[in-house]
Structure formats: C-alpha cells, structure tokens
Amino acid sequence: MLPLRPWESPEITSWRRLPMHAVDRRPGSIGLDGTWRFQLLPAPDAPLADHWSTLEVPGVWTMQDAGASDPPHYTNVTMPWPHHPPASPAANPTGVHERDIDIPADWAGRRIVLQVGAAESVLIVEVDGQAVGIGKDSHLASEFDLTGVVRPGERSTLRLTVVKWSDSSHIEDQDQWWHGGITRSVLLYTTDPLHLADVAVRAGRDGALRVDCQVRPAGGALPPGWFVSGELEGWGELAQDTAFDAGMRADERVSEFLGEARLSATVTGVRPWSAETPHLYRLTVRLHRADGTVADRSRHRIGFRDVEIRGRDLLVNGERVFIRGVNRHDFHPLTGRTLTVEEMRADLATVKRFGFNAVRTSHYPNDPALLDLADELGLYVVDEADIESHDHAHEIADDPRYLPAFVDRVSRMALRDGNHPSVVVWSLGNESDYGANHDAAAGWLRRHDPTRPLQYEGAAKTDWSSTRIASDIVCPMYASLDEIVAHARSGTQTKPLILCEYSHAMGNSNGTLADHWAAIETTPGLQGGFIWELWDHGILQRLSDGRPAGRAGAGAYADGVAGEGHRWAYGGDFGDTPNDGAFCADGLLFPDRTPKPAMYEHRELAAPVRLSYDGRTVTVHNHQHFRDLSWLTAQWLLSCEDGDEVTAPAALPDLPPGGCAELPVPPGLTAALPADGGETWLTLRVTTAGDETWATRGTEICTPQIRLRERETVPFGTTPARGRVEVDDDGLLLHPLLTAPPVLNLWRAPTDNDLLGGAADLWRELGLDTLVRKPLSVSREGATVSVRSAYDTGAGPVVHEQVLNPVPDGLLIEERVVLPDGLSDVARVGSVFETVAGLDRIEWYGHGPWESYPDRCSAPVGRYGAGVDALFTPYLRPQESGGRHGVRGFTLRPADGGPGLAIRLDSPRQVAVGRYRDRDLADAAHHDELVSRPCPVVRIDAAHRGLGTASCGPDTLPPYLVGAGTYTWSWVLRSL
Ligand code: GAL
Ligand code: MG
C-alpha cells in the first residue's frame with residue numbers, strides 16, 4: 001500500500017528506493033527514453049481518463065503540448081501558492097507517464113533495477129498496477145528493484161506518476177522556472193544477484209589510492225569466498241587489501257558480514273588532477289565469485305588530487321588556486337531542464353574558453369554527465385544539495401519533519417558524486433536560513449567524507465568569523481568589495497573567503513568585475529567566487545499561440561536573438577502569476593548559449609598570460625597554477641591611432657607556473673611604428689597551440705595589452721577655416737549628414753541594474769528621461785556660432801553650451817554643461833544625434849571589439865570595424881546596449897564603403913551607435929516590439945555611469961558615478 005498522500009509528508013523521503021551509489025549503470029542498460037503515453041491530471045487523487053496523449057521522456061510536460069494547461073511559471077523567492085509547509089495546493093498537476101517494457105529473456109535469474117534520472121517533485125512508480133516505490137529529491141536519480149516484479153521474457157506496463165507540488169516543493173524553491181515532469185533519462189539495468197552496491201574512491205596526489213567496495217547479495221547472506229580486484233590503467237592490477245579487516249576472526253570479518261572490501265595501492269609517478277591538468281585514469285573494479293569468475297564490474301575515471309583548507313586558504317594539490325567560478329543551473333530554452341551530453345559538453349567548453357575554472361551546481365546536483373565532463377575538461381565543482389526553502393526558510397531549517405529530507409538530500413548527493421575529482425567542495429544547499437537540520441546534514445557529511453570541505457552560505461552569513469560547523473568556507477553572496485577586503489584585512493578571518501555568488505549578470509551588467517579581480521589577486525584571504533549566473537533562462541516562445549516552442553524550435557534563433565515569430569519568454573509571459581519578470585534573465589550566456597560581452601571581460605581578467613611594461617622592457621607572466629606556457633602560442637599586434645596594424649610572431653618563453661620573464665619585442669615591429677603615429681598599443685594575441693579538449697587549435701585565450709606610447713593631447717585646431725556653420729533659429733545644427741542635430745543627453749534606457757537598483761526611478765523623478773530643450777541664445781561671431789540652451793530638471797535647469805566652428809578638417813563642436821548639485825547620479829553626460837540613413841558600417845579606434853563600459857572595459861584598445869547592427873547586444877529585456885568605451889574616433893559609412901562621416905574626439909569617450917533611440921529601448925519589453933530605425937542614433941558621452949550589478953548586489957563603485965559639476969567635451973565632424 002502506498003503511504004497516504006506522500007506529497008504531503010516531508011517525513012517520507014522515499015519508499016522502497018534503493019540506496020544511492022556511485023556505480024555507473026548507464027553502460028549496458030536499456031534506455032526507456034522516448035515517447036510515452038501521458039495524461040495530465042488536475043490532482044494526484046483525480047481519476048484517470050480514458051484518453052491518453054503522448055509526451056517525450058525525459059521532458060517536462062510544462063514545455064510540451066500535452067501539458068498546455070500547465071505552462072511554465074517563474075518565481076524567485078515567492079512560492080507560487082500560499083500554503084505553508086508542508087502543505088501543497090489541492091489543484092496539483094499530476095503527470096501520469098506510461099509505457100510498456102520488454103524484459104529480455106536472458107535477464108532470467110538476474111537482478112533488475114529501474115533508474116529514473118530525475119523527476120519533480122514526487123515520483124510514484126507502479127508496474128502492472130502494483131506499487132513499486134516512491135522517490136523525492138527532484139535532481140537526483142531514484143532506483144527501484146524490479147526483480148520479481150517484472151518477468152524476463154515478458155512485457156510489463158511501467159507507470160511513473162509525477163506529482164508537481166508537494167512538501168518537497170517548499171525545499172525546492174530555487175530561483176528558476178517551475179516545471180513538472182521527468183527531466184533526466186529513465187533506464188533499466190541488470191546485475192548479477194551478487195553485485196557491487198557501491199564503489200567509493202579516494203585518490204591523493206601522492207598516489208595513495210583507496211577503493212572501498214560494498215558488495216550485496218540479491219537477498220539473504222553473501223555467498224562465501226567472493227573477493228574484489230581492480231585494474232588501474234597504466235599501472236596494473238590492484239588486489240584486495242586484506243589487512244583492511246585483519247585482526248578479526250574469520251567468522252566475524254567485516255567484509256563477510258557487511259560485504260565491505262577495499263583495494264588499495266600507492267601508485268607511483270601519478271600525474272595529479274587539477275582544473276588545468278585534468279589527468280584521468282581508468283579504474284575497473286571487479287567483483288569475483290569464489291571460483292574467480294567476475295560477477296560484477298564497475299568502471300571509473302579517477303583523478304589523483306588533494307583538496308584541503310590550510311589557514312584561510314583553500315588548496316588544491318597544495319596550491320592556493322583562484323576560484324574563477326560561475327553558477328550553473330540545468331537549463332535549456334527548448335526543454336526547460338533537459339540537456340544532452342553533447343550540449344553539456346559544449347556549454348562547459350564555452351565556460352573553459354572564457355577563463356572559468358569552477359562551477360557551482362546551483363542549486364542542486366546537476367546531471368551526472370556534467371560531473372563526468374567537469375572531470376574531463378577540468379573544472380572545480382562546488383556540488384550543491386537540492387535544498388532551498390527560500391520563502392519559508394526560517395520555519396523549515398529547524399522543522400524536524402524536514403530533518404530526514406535534509407540528511408537524505410545531502411547524503412545522496414555525496415554518495416553519487418564522491419568519486420569525482422572535480423568535486424572539491426560540498427554545499428548544503430542555498431538560501432534556507434540556518435538550523436539544526438543543516439548541522440545534522442553537515443555531521444553526516446563530515447563523517448562520510450573527511451576529504452572535502454563543505455560550505456553553506458547561510459551558516460556563515462551573519463558572522464564571517466564564526467566557527468559554526470556547517471561551513472568551512474565563508475561564502476557570502478553579493479558582498480561588497482569593501483566588505484570582503486575589510487574582512488580579509490581584519491585579522492579575524494579564519495576561513496577562506498570565496499563568494500558563492502557575485503557579479504549578478506542580469507542584462508547589461510557585471511560592472512566592476514576588474515576591480516573585484518584586482519582586489520582578489522592582491523589580497524591574501526580572498527580567493528575568488530562564482531558569478532551569478534551562466535544562463536539567461538529565457539524560454540523560446542511561439543508568438544502565434546504563446547506556447548513554448550519546444551524541441552521543434554531548434555534553430556529558430558541565432559546569435560542570442562529569437563527569430564521571426566518567436567521571443568525569449570521570461571516571468572509573466574505565459575500568464576504566470578505571481579512572477580518575477582525578467583529576473584530569470586541574469587546570465588552570461590543568452591538562452592541559446594551565445595556569450596554576452598561580459599564573458600569576454602571575464603576571459604581577459606582570467607588571462608593565463610599577462611604583460612607588464614616598465615617603459616623599457618616587456619615582461620610576460622604565467623598566471624596559471626599548474627601549467628607552463630607550452631600549450632599556448634602568441635602573436636604581437638602593434639596598433640597606433642594613426643597608422644595600420646602590424647603583426648609579428650611572438651615566442652613565448654618556457655615559464656613555470658607563477659613565473660615571469662622578459663619578452664623581447666621584435667625590433668622590426670617597433671621600427672614599423674610611424675614616428676608621429678600617436679598613441680600606440682602592443683597586444684599579445686594568445687591562442688591555443690594545439691587542440692585542447694575544450695578548444696580547437698587557434699582559439700583565442702586572451703589579449704593582454706600594454707601601452708607603448710601615450711596619446712598626446714593635441715588641442716583641436718581652432719584655426720578658422722573657410723565655410724559657414726548652419727544652424728536653425730533655435731540654434732540646432734543643420735548638417736547634410738545629420739537627420740537629428742546633436743542635443744544634450746543625460747539618460748540611458750535603464751539597464752536591469754538601473755531599474756532594480758533604483759537609479760532609473762531617480763532619473764524619472766528628475767525628468768532626465770524626458771528632457772526638453774529650450775533655446776536660450778544663438779550668436780555668431782565671425783565663423784563661430786555659439787548656442788546656449790537649457791533643460792529643466794527636477795534639480796533645476798541645466799545649461800548646455802555648444803560652440804560650433806569650421807576647422808580645416810571639418811566642423812568642431814565644443815560642448816560644456818554644468819550639472820547642478822541635485823544631479824548627483826545621472827546615466828550619462830553627452831550628445832545624441834542621428835545621421836542620414838545608410839551609414840551602416842562603423843570603424844573605430846578604442847576598446848573593442850566587444851561591447852564595453854567604464855566599469856567593464858578590459859577589451860583591448862585597437863582599430864575595429866563592424867556593421868552598426870552588430871554593435872547591439874540583444875539583452876533579453878531591451879535596455880542600454882552596444883556601447884564602446886574609450887573611443888578616440890570613428891567613421892560611419894555605407895556598408896559598401898561609399899561616402900560617410902568621420903568623428904574625432906578630444907579624449908577617449910564612451911560611444912554608442914545603434915538602431916534605436918533610448919526611449920524605444922526603454923518602452924519595449926521584448927525585442928519583437930522594437931522597430932529598427934534606418935538612421936543610426938549616435939551618442940558621444942563625456943561621462944557615462946558604470947554598470948555595476950545593482951539588480952542584485954552592489955552598485956558600481958564611486959569612481960564610475962556621474963554627478964554634479966562641469967563637463968566639457970569636443971569633437972570634429974567631417975564628411976568622408
Ligand atoms: C541569489 C540566489 C540565486 C538567485 C540570485 C539572484 O540570492 O541564491 O538563486 O536568486 O540571488 O538572481
Ligand atoms: Mg532563492
């Protein structure tokens with residue numbers, strides 16, 4: 001009999017579920033993925049209908065047509081219904097999945113197991129109408145013994161009933177879409193009745209290898225005489241460690257009674273595993289019957305490595321490694337949560353290519369394939385248990401009814417993942433307050449796995465110096481840079497500080513990442529963090545019927561943009577209420593995996609190769625912990641403001657990790673430098689010398705740069721030239737290349753940070769988004785036209801002056817504005833105008849090629865060109881986008897190179913050229929609402945506010961704010 005209403009009983013974590021283990025049973029199994037019969041019931045106790053539809057498994061019903069009545073729903077903290085734990089609503093979508101299974105005749109006499117990869121949130125298993133078991137814990141597999149339930153050579157009906165809402169939903173309240181269904185593969189496997197129930201590997205960098213095996217009989221006692229053996233690739237045979245249970249009488253041997261056995265060896269000459277050097281060894285463990293025949297076999301890829309905390313440092317193989325991490329959910333824009341192994345591989349390869357070396361599996365154990373890939377590609381993993389009770393955190397942390405679930409979830413994660421070298425830290429979960437249930441789970445973990453530290457943000461939240469047991473690491477989220485630096489310098493720091501979340505990547509964001517890394521790399525006690533997060537969780541939505549496009553939408557997007565007839569949906573777009581809008585679009589990658597500019601920023605900050613220059617010598621630094629530079633190749637690139645780019649091969653020296661050496665610049669290169677070429681930059685373009693598992697040969701890894709020659713500030717010649725400046729009666733410039741004259745601009749289309757951090761409200765209250773120009777005076781003196789205008793703001797009038805002069809190379813525009821004290825935080829101070837249509841290609845000298853802003857500008861300075869459309873970054877909710885920092889000058893011409901215009905700037909300025917006015921962007925909720933304007937909109941900013949990360953976390957730092965005072969800027973406009 002099924003326990004009564006298991007979806008309302010937190011004490012029931014499972015029923016007849018097999019213990020979790022680390023034996024990979026995928027090889028040789030029978031996959032049950034595919035099209036299943038399906039019914040969506042309004043509640044778990046509703047009667048079945050006669051009619052079945054179909055559903056793809058794995059696959060949540062919320063993303064498929066059969067689940068049309070129950071679309072995806074996005075909330076962050078708030079539970080989607082008001083019931084207090086452990087209750088759930090009576091209206092509770094329940095998916096009944098059914099299919100026939102044919103059991104091979106040659107499985108007769110063997111043990112038969114069903115594995116359901118993951119199901120949310122309660123899984124009820126029946127075979128031929130007979131109850132088999134129950135599983136909770138939505139992001140780990142559940143296994144059930146079907147031996148004797150199914151009959152070899154015969155067909156049975158397997159029914160998986162998945163109840164969407166339950167007591168478990170209260171501890172699975174992560175910030176992501178709510179779905180219902182089966183999210184990972186379903187399979188059947190068979191073993192000999194005498195089988196390996198678990199294999200636990202420990203392998204240190206000194207070569208000490210220990211393999212603990214648990215052996216189980218099908219039932220009753222273990223047959224006498226069994227033993228285990230193993231083989232380690234490249235080393236040889238491992239034999240059972242009989243000393244392990246020596247000292248006991250044969251008849252009370254632990255191994256005989258519990259089925260415990262150990263293999264151990266000291267492997268000489270091992271190549272240690274690290275994220276930089278992910279050396280793996282194949283280990284095969286065999287279980288033998290008394291006659292030596294093999295009853296069972298388990299294959300592993302293991303890595304030899306140490307992780308420990310010494311003082312306030314987390315060490316991997318004795319090294320204090322920087323943790324350049326990112327938070328990862330299981331997310332896919334077409335399926336919701338289900339990813340193929342190839343998709344996961346491609347994703348992790350991207351993560352590696354952009355300089356990350358760590359992943360936190362926020363906020364639940366990710367697909368098991370992800371850890372195989374992390375082992376293989378080289379990523380440190382903080383493996384997090386599926387516990388987040390955010391909305392009812394305080395009630396649940398000490399609620400004894402949830403105690404079993406806490407221990408169950410943490411222990412099952414550790415039992416599944418303990419053999420992965422990539423897993424370096426366990427996490428007890430996320431945003432669940434801190435209570436006795438955490439300490440219970442931490443206690444289990446410490447006893448079970450003394451080889452890894454554990455962390456829990458909630459345990460270290462209020463007092464970073466506390467010695468509370470449930471976190472070995474201080475892992476705050478969104479702490480300010482000042483706070484973490486102060487803690488590291490306080491003398492009271494006792495634990496490593498690694499931010500579990502920082503630099504919230506919502507929209508146009510990740511400002512001050514460079515400031516963070518400058519502090520982390522120079523402050524002992526700070527070791528890194530995990531950016532929030534990898535994905536924008538935008539679901540591809542068909543505009544025709546508002547449904548998720550599903551797998552059929554494959555290819556209906558490109559370069560981050562949802563194609564014709566589609567959009568990226570966020571909270572509320574499926575009619576889901578309550579919802580948290582675009583807060584789920586907060587990743588470094590677009591839903592289709594296209595990297596955002598912030599990814600490139602991160603890549604540069606993580607550069608394994610750095611340059612420094614003392615005015616005479618260029619020094620190259622190896623910034624890695626374990627690798628030399630032989631996997632890299634490099635090329636010099638010399639670029640100056642007024643000359644062509646010159647390249648030359650660079651010879652990277654043989655440098656140990658952490659080492660540095662002079663890097664001679666080929667004399668031919670500097671000889672090519674024009675004597676009066678202006679500002680000059682030397683860039684080292686570093687690429688992979690050969691294929692890496694995560695990058696093909698020639699992949700750009702970083703572009704460190706030094707400035708060889710400063711820009712001379714040559715005042716613009718004011719030598720009057722012949723010609724006349726035309727302005728209208730109000731003093732607005734009339735110019736054949738402009739369709740809208742330059743006027744003052746103090747606003748930007750609010751970024752998500754501006755909106756959620758409050759700056760956008762302030763700007764609206766001050767009227768900066770609706771500035772109206774009032775001409776004050778227009779005067780002419782010789783060829784010079786002086787125009788004064790005023791703009792009313794909530795902080796008083798802002799007076800703007802333009803002095804227009806014909807100069808030998810065009811039209812000089814000198815601008816000046818005084819912001820009153822009440823304007824202490826504006827988006828920008830600059831000019832905005834529009835050009836004639838058809839100037840669709842831009843070339844600029846400044847930071848690039850990717851988008852950059854004052855507090856996110858590690859892009860190298862150089863000469864770049866692009867189509868105007870390509871400058872724009874399609875952040876899910878339209879907002880300020882497409883800026884380029886430090887632009888010294890640019891040209892705009894038709895794509896075919898016809899006549900256009902050139903603009904030279906007095907100083908490096910923030911420039912944005914695009915297809916939309918700021919108001920167009922601000923008024924749109926999705927891209928399909930935007931209408932591209934034929935006449936490019938050009939903004940030149942004397943000052944531009946940093947981006948910060950205020951949608952969740954600190955705003956930009958004071959130096960990047962734009963406040964009251966006098967601003968002057970000038971530029972020369974010339975026809976080409
Ligand atoms: C954190 C939380 C994440 C996510 C993020 C904001 O507080 O752990 O799950 O909600 O904030 O995007
Ligand atoms: Mg949360």
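Strand E30 (residues 497-502) is largely enclosed by the rest of the structure, because six of its six residues are buried. Buried means under 20% relative accessible area, exposed means over 50%, and partly exposed lies in between (1.4 Å probe, protein chains only). Strands (E, at least two residues) and helices (H or I, at least four) are DSSP runs, numbered from the N terminus.

This is a predicted model, in which local features need pLDDT of at least 70, side-chain atom pairs count only at pLDDT 80 or more, and totals for chains, interfaces and linings use all residues. Residues are numbered from 1 along each chain as its sequence is written, chains are lettered from A and ligands numbered from 1 in the order in which they are written, and side-chain values use heavy atoms, with hydrogens and water left out.

**Strand E30 and what follows it**

E30 has a partner. Strand E31 (residues 526-531) pairs with E30 in the parallel sense, over four bridges. Two strands pair if DSSP finds at least two bridges between them. In this pairing, Tyr502 stands opposite Ile531 in E31.

Ser503 is found in the loop between E30 and helix H8 (513-522). Ser503 is not a glycine, yet its phi is positive, at about 50°. Its relative accessibility is 7%, so Ser503 counts as buried.

**Ligand 1**

Which residues are closest to ligand 1? They are Asp175, His363, Glu431, Glu501 and His504, out of 13 residues that surround ligand 1. A residue is near a molecule if one of its heavy atoms lies within 4 Å of it. The shell divides into five nonpolar, four polar and four charged residues. Here Ala, Val, Leu, Ile, Met, Phe, Trp, Tyr, Cys and Pro count as nonpolar, Asp, Glu, Lys and Arg as charged, and the others, Gly among them, as polar.

| Side chain | Distance to an oxygen atom of ligand 1 |
|---|---|
| Asn430 | 2.8 Å |
| His504 | 2.7 Å |
| Trp532 | 3.0 Å |

The protein covers 96% of the 300 Å² of accessible area that ligand 1 has on its own. Accessible areas come from the Shrake-Rupley method with a 1.4 Å probe, and for residues only the protein chains shown count as cover.

**The magnesium ion**

Ligand 2 is a magnesium ion. Glu388 (OE), His390 (ND1) and Glu431 (OE) coordinate it, at 2.0 to 2.2 Å. Donors are N, O and S atoms within 2.8 Å of the metal (3.2 Å for Na, K and Ca); water is not among the atoms, so sites may look incomplete. The donor residues are spaced E-x1-H-x40-E in sequence. His390 and Glu431 link distant parts of the chain, 41 residues apart. His390 sits in the loop between strand E27 (380-384) and helix H4 (393-397). Glu431 sits in the loop between strand E28 (423-427) and helix H6 (436-448).

Strands of a sheet pair through backbone hydrogen bonds, either parallel or antiparallel. One open sheet has three strands in the order E22-E23-E24, with antiparallel pairing. Its edge strands are E22 (307-310) and E24 (319-320), and each pairs on one side only. Two bridges join strand E23 (residues 313-316) to E24. Leu315 stands opposite Arg320 in E24.

Asn317 lies in the loop between E23 and E24. Its phi is positive, about 50°, although Asn317 is not a glycine. Is Asn317 buried or exposed? At 10% relative accessibility, Asn317 counts as buried.

**Loops elsewhere**

Two peptide bonds are cis. The bond from Pro85 to Pro86 has omega near 10°, and Pro86 lies in the loop between strand E6 (73-75) and strand E7 (94-102). The bond from Glu120 to Ser121 has omega near 0°. Ser121 lies in the loop between strand E8 (111-120) and strand E9 (122-127).

Gln879 is in the loop between helix H13 (868-871) and strand E52 (884-893). With 1% relative accessibility, Gln879 counts as buried.

Note on methods. Polar contact = N/O pair within 3.5 Å; in protein donor to acceptor, adjacent residues only side chain to side chain.
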